[in-house]
Structures are given as C-alpha cells and as structure tokens.
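Hello,

Here is the structure I promised to pass on. Please have a look, and my notes follow below.

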Amino acid sequence: MDLAFDKAKLRRSDIRDWRIRKRSIDARRAPVKLNLQIEFWLKDEEILNIPPFLSQDVSEAKKIAIIGAGPAGLYAALRAVEAGLKPIIFERGKDVRARRRDLALINKEQIVNPESNYCFGEGGAGTYSDGKLYTRSKKRGNVLKALEWFVHFGADPDILVDAHPHIGTNKLPKIITTMREAIEQAGGEVHFDTKLTDILVKDGKVESIQMNDNDWHTFDEVILATGHSARDIFYLLHDRQIKIEAKPFALGVRIEHQQELIDAIQYHGDSENPYLPPASYALVDQVDGMGVYSFCMCPGGIIAPCATAQDEVVTNGWSPSKRNNPYANSGIVVSVAPEDLPNFVPNDPFVCLDFQKKVEHDCWEAAGKTQHVPAQRMIDFVEGKVSTDFPKTSYQPGIVSVDLNTVLPPLIAKRLRKAFISFGRKMKGYYTNKAILHAPESRTSSPVSIPRNVETLEHVDVQGLYPCGEGAGYAGGIISAAIDGINCVDAIVTKYSE
Ligand SMILES: Cc1cc2nc3c(=O)[nH]c(=O)nc-3n(C[C@H](O)[C@H](O)[C@H](O)COP(=O)(O)OP(=O)(O)OC[C@H]3O[C@@H](n4cnc5c(N)ncnc54)[C@H](O)[C@@H]3O)c2cc1C
C-alpha cells in the first residue's frame with residue numbers, strides 16, 4: 001500500500017478508505033507483473049453505496065413473456081422487475097438441482113435428456129460453465145451493471161476488479177437460484193418443464209404462444225431467449241414464416257493440455273509463484289483465408305459433454321472457481337461463413353446449422369454412438385496417424401481413438417493442422433503429442449440469426465417478438481447475453497413510454 005500512497009502523492013492520514021478498482025496480470029515477458037489500480041476516498045469525501053438492483057412488487061403489473069431462463073432470460077426478468085413489468089419465464093428444462101441429476105446421467109450412463117442437459121435448464125448454458133465474465137462489449141456501463149447484479153446475487157466482489165473475472169461451476173447454481181428467487185419474490189413467475197412449441201402471429205403482431213403442445217397464452221410482448229442449441233425454435237419460426245437467416249459461426253475441436261505446461265509457458269517458468277492464478281491463453285491465426293482461434297479457454301478445467309440430443313456429440317469446457325484441476329482445455333475453432341460451406345445454397349437459413357449437425361452426428365457415429373467422443377493426440381492428428389494410446393483426459397464419458405482427419409470436414413481439418421503448428425511457434429511447448437484433441441467443438445455461437453429492428457429490437461416482421469441473446473445472434477457469452485436481456489426489456493419500456 002505504501003507504494004500506492006507514494007504514487008498518488010497522498011499520506012495515509014489523508015485517506016478515508018480505499019479499494020482495488022482493477023487487477024490484471026502482465027505476463028508478456030519475465031518477470032510477470034501484477035498491475036493494480038487503486039481508488040482512494042479522501043477524509044472528507046462521501047462513499048456512495050447505491051444498491052445495484054432495486055426490487056418492487058410486480059405481481060399485478062403488465063405481464064411479459066420470457067422464453068428461456070439462460071443469462072439473457074434471467075437478466076430480462078430482473079430488469080422487468082426494476083421497470084415495473086411482471087416477467088413470466090417459460091423454461092423447457094429443470095431447476096438447477098434437478099438438472100444436476102441429468103448431467104450425471106450423461107457423464108455416467110451416456111444418456112442425454114433432450115430437455116435437461118448442459119445447455120438446457122435453469123441458468124441456460126451458463127450454469128455449468130467456467131463462468132468467465134469477460135466480453136468484447138465496449139459499453140463499460142452495461143458490463144458493470146451486469147457484473148454488479150452477479151455480485152448482488154452472491155458472486156465474489158472480486159469479479160468487479162479482475163481484468164478476466166470468472167465465477168466457476170461450483171458457485172453459479174446458487175447465484176442463479178438466488179436470482180430466480182428474487183424474481184419470484186417480486187411477483188414474477190418461473191415455469192420449468194415448460195417448452196415453447198408454437199407461436200401465433202396475426203396482422204404482423206404476436207398474438208399468443210403455445211406451451212408443451214397444449215396450453216395457449218396471450219401476450220403482447222414475448223422475449224425469445226432460447227439459446228444457440230434450440231434447433232426446434234429455428235425450425236418452428238421457419239415453419240411459421242417468421243424470418244431467420246444463416247449466420248457465420250465456428251467449429252473445430254477441444255484441446256486439452258496439462259495445466260502445469262500452460263503455466264510454465266505463460267509465466268516464463270515462474271509457475272510456482274503463489275500470486276499467479278492458473279494461466280490461460282488466447283491464440284489466433286489466419287489460415288488459408290479463414291480465422292482459426294482459441295475459444296472459451298478453461299484453465300484448471302474439465303471438458304463437458306454438451307449434446308442436446310442422443311444421436312450427436314458436442315464438447316465444451318467448464319472450471320470450478322479455484323480452477324484447480326490438472327488440465328487446461330480450450331476450443332480451437334475455424335470461423336465459417338455460409339458461403340464457405342460445401343452445402344451452401346443462397347438464402348437457405350439452415351446451411352450452417354445443417355453443417356454443424358452433420359459434424360456432431362458423424363463424430364457420434366465415429367466414436368461408437370454413445371457420448372464417447374473421437375479423440376487424437378495433437379501431433380498424430382497433424383501427421384495423420386491414429387493414436388495408439390492416451391494420457392488420462394478430463395472428459396468423463398470417455399474417448400475413442402479416431403483419425404479426426406477422416407471425420408472432420410476437410411476445410412476444418414486442414415486449417416486446424418496448419419494452425420496447431422503455427423500456435424506451437426507462438427507458444428513454445430504448446431505443440432506436443434501430450435495434448436489431446438476431442439471432437440467436435442461446435443456450439444461456439446448460433447448458426448442461425450433472427451433478424452430484429454435495431455431501434456425497437458422487435459423482429460423485423462413481427463411486432464412484440466424480441467429475438468434475444470445468443471440464439472438470436474446478439475450475444476456471444478454470459479455477460480453479452482445478460483446485457484441483451486436488459487436491452488430487450490428497455491426497448492419494451494421505451495415502446496410503452498411512447
Ligand atoms: C459448458 C459451457 C461452458 C461455457 N462457458 C462460458 C464461459 O465461461 N463464459 C461465457 O461467457 N460463456 C460461456 N458459455 C456460453 C454461455 O453459456 C452462453 O453464451 C450463454 O449462456 C448464452 O445465454 P442465452 O441466455 O442467450 O442462452 P442460453 O444460456 O442457451 O439459454 C437459453 C435457455 O432457453 C431454454 N430454451 C430453449 N428452447 C426453449 C423452448 N422452446 N422453450 C422454453 N425454453 C427454452 C434453454 O433450456 C435454456 O435454458 C459456456 C457454454 C457452455 C455450454
């Protein structure tokens with residue numbers, strides 16, 4: 001602290017209080033530095049403590065429907081409470097506790113419940129994740145609000161100061177439950193096991209929505225926050241002639257190294273330093289005209305089986321709050337646009353989705369039609385050799401040795417091969433046959449977008465329908481989805497105030 005007082009040209013006696021405002025690690029070269037930004041309050045200054053979330057009774061207020069209880073849907077509901085609207089959330093999956101049993105079934109029995117899995121259920125895809133909370137969004141005020149709400153509902157306040165905040169799978173379920181309880185206590189409603197199955201549009205406006213192929217409910221405003229894995233929603237909209245479009249996305253594999261190797265590379269050998277957290281990395285390259293990059297890197301993490309149907313396999317990653325597993329995993333993915341794909345047909349909204357679906361199905365077949373995934377050592381993959389054995393991996397359902405060059409589409413495999421060699425040059429030691437590739441990493445973002453008006457945030461052709469969050473193409477992670485949920489409610493508030 002003395003150093004901070006000196007830098008600020010202040011004496012301890014001038015200060016009423018202080019706090020760390022920003023904390024980051026500069027590991028670009030040795031020695032690794034910890035950068036702190038410290039905020040002081042002078043003796044005569046008032047410290048303002050404004051609660052970030054203001055609840056009120058909305059039990060009798062105007063109702064809005066929110067489909068999906070992921071970060072977008074939950075934040076939309078919280079914002080609705082603040083704004084004096086009554087949120088009614090419909091969620092196809094189960095609450096976080098009941099959902100946990102379905103995750104165990106995938107990991108131990110290879111059974112995927114299509115309504116309750118790593119993507120579907122309370123908290124959405126974000127619940128059993130690493131809970132990384134950084135975003136490329138430049139709107140600092142919105143990001144801060146989203147983070148402050150996480151803290152208000154139980155997250156560690158450190159997320160407000162860390163340059164790369166994360167929460168961890170062990171802590172997220174409790175925070176998500178507290179958010180839901182706040183929505184219910186204010187008079188909002190949350191209905192689990194309740195799936196949107198149809199939508200009625202009359203004269204260019206939403207009229208009603210159907211749940212579980214049965215009950216119809218009338219709403220003037222419907223926020224559609226169903227995430228990137230709700231393929232049935234894309235098919236439903238298309239069937240009802242509600243416009244959707246193909247969207248670029250990314251596909252590849254999830255790679256796993258030993259965390260100690262990544263620490264040694266990133267911290268220039270200073271990997272025992274107790275002040276340094278398990279290291280992460282971010283890699284990017286341009287290969288044959290397409291971007292190849294690391295995605296959702298999980299230090300000290302576990303590779304998760306994220307399929308939403310029985311006849312496919314999908315990987316992603318999560319970490320506990322301490323990130324203390326011995327593995328470091330990351331997606332390594334190739335950006336693909338609709339026109340890059342072999343099945344491209346102009347104006348076909350499903351060109352990317354069909355491509356994604358085929359890769360997931362092919363990998364499922366190649367690994368024996370269970371939740372085992374096809375896997376290969378990194379150098380074996382680059383050299384086209386089937387791996388004869390593997391070190392232990394974190395992927396619980398199990399792996400099967402397959403030459404991934406024979407399963408992944410050539411446009412993906414050839415770029416991954418080149419990218420791994422190039423990444424090995426950028427991070428000395430990264431290119432090693434001790435690293436295992438698990439395929440596929442395919443749910444990086446939505447392969448479909450649902451177009452909306454930039455001002456009203458309503459669907460371009462349907463008033464009262466708000467495509468929201470990652471599934472609609474307006475977010476790429478927990479925080480950006482949460483912010484989009486807030487924005488959709490603000491658009492409704494603006495509409496009513498006019
Ligand atoms: C394992 C894993 C790890 C991840 N790690 C991170 C991370 O560390 N950091 C990060 O920023 N992002 C991470 N992500 C991505 C992040 O979770 C998503 O970007 C985010 O959850 C998107 O929020 P969303 O609300 O738009 O959609 P989702 O979270 O996908 O939520 C959509 C919800 O809608 C529900 N739903 C779908 N269809 C219907 C229907 N017909 N009727 C009713 N409900 C329906 C689903 O059940 C789901 O709960 C991870 C994802 C996974 C799977």
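To start with a question: how many bridges join β6 to strand β7? Six bridges do, and the two strands run antiparallel. Helices (H or I, at least four residues) and strands (E, at least two) are DSSP runs, numbered from the N terminus, and two strands pair if DSSP finds at least two bridges between them.

A word on the source: this is a predicted model, in which local features need pLDDT of at least 70 and side-chain atom pairs count only at pLDDT 80 or more, while totals for chains, interfaces and linings use all residues. Residues are numbered from 1 along each chain as its sequence is written, and side-chain values use heavy atoms, with hydrogens and water left out.

Back to the sheet. Strand β7 covers residues 205-211, and its I209 is the bridge partner of I199. The open sheet has three strands in the order β6-β7-β8, with antiparallel pairing. β6 (196-202) and β8 (215-218) stand at the edges with a single partner strand each, so one side of each has no neighbour in the sheet. From one strand to the next the twist averages 25°; axes here are lines fitted to C-alpha atoms, for helices over the stretch in contact, and angles run from 0 to 180 degrees between N-to-C directions.

Another antiparallel pair is made by β1 (residues 15-26) and β2 (residues 33-42), over 10 bridges. A hairpin of six residues leads from β1 to β2, and R19 has E39 in β2 as its bridge partner.

Now for the helices. α2 (residues 71-83) packs on α12 (residues 478-497) at an angle of about 40°, and their axes are 7 Å apart.

Finally, α7 (residues 259-266) has Q259, I262, D263 and I265 as its buried residues (under 20% relative accessible area, 1.4 Å probe, protein chains only). These cover an arc of only 165° around the axis, which puts them on the same side of α7; the arc is that of the directions from the helix axis to the C-beta atoms. Their cover includes β11 (249-258) and β16 (327-336). Just after α7, H268 takes a positive phi of about 55°.

Best wishes

How values were computed. Buried < 20%, exposed > 50% of the residue type's maximum accessible area, 1.4 Å probe, protein only. Contact = heavy atoms within 4.5 Å.
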